[in-house]
Amino acid sequence: QVRLVESGGGLAQAGGSLRLSCAASGSVSRFATMGWYRQAPGNERELVASITNSGTTNYADSVKGRFTISGDNGENTLYLQMNSLKPEDTAVYYCKARLIIMVKAYDYWGQGTQVTVSS
């Protein structure tokens, strides 16, 4: 069973930085992809950034140049470095991991961590 635990959320001022962590049960390299999603009140959950096990990254246009996703196989942890934060970045941030087993995809989610950015 895959367990994902997010941490690092909190309150930040506009222009500030936060780093989110997602601790996985086992090596992050076994996942085909991992990603960060966010959901603000009244909005659908949206992709923020993703990374494949070969290191290819993808970012939402709204965070390009400000956020960086990375993985540490030694620590079994996925990170999201968030710089130049804006009030519109306020949301619950979720970590997701996708396993591919026998050509079937299995998605696992963490419980989420709240990020609040004040203006």
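## About the model

Because the model is predicted, local features are considered at a pLDDT of at least 70 and side-chain atom pairs at pLDDT 80 or more, while totals for chains, interfaces and linings use all residues. Residues are numbered from 1 along each chain as its sequence is written, and side-chain values use heavy atoms, with hydrogens and water left out.

Strands of a sheet pair through backbone hydrogen bonds, either parallel or antiparallel. In this model, four strands form an open sheet in the order 1-3-8-7, and their pairing is antiparallel. Here a strand is a DSSP run (E, at least two residues), numbered from the N terminus, and two strands pair if DSSP finds at least two bridges between them. At the edges lie strand 1 (4-7) and strand 7, each of which pairs on one side only. From one strand to the next, the twist averages 15°, an angle taken between N-to-C directions on a scale from 0 to 180 degrees, with axes that are lines fitted to C-alpha atoms.

Within this sheet, strand 3 (residues 18-24) and strand 8 run antiparallel and are joined by six bridges. L20 stands opposite L80, which belongs to strand 8.

K96 is found in strand 9, and its relative accessible area of 11% is the reason why K96 counts as buried (buried means under 20% relative accessible area, exposed over 50%, and partly exposed in between, with a 1.4 Å probe and protein chains only). Leaving aside residues up to four places away in sequence, K96 touches L4, T33, M34, G35, Y37, D107, Y108 and W109, where contact means heavy atoms within 4.5 Å.

With Y37, K96 also makes a side-chain polar contact of 3.3 Å, that is, a pair of N or O atoms within 3.5 Å, of which, within protein, one must be able to donate a hydrogen and the other to accept it; residues adjacent in sequence count only if both atoms are side-chain atoms. K96 and G110 are 14 residues apart in sequence, and their C-alpha atoms are 6.5 Å apart in space.

## Two loop residues with positive phi

N76 is found in the loop between strand 7 (67-72) and strand 8 (77-82). Although N76 is not a glycine, its phi is positive, near 55°, and N76 is partly exposed because its relative accessibility is 23%.

V103, in the loop between strand 9 (91-101) and strand 10 (104-109), is likewise a residue other than glycine with a positive phi, of about 60°. With a relative accessible area of 83%, V103 is exposed.
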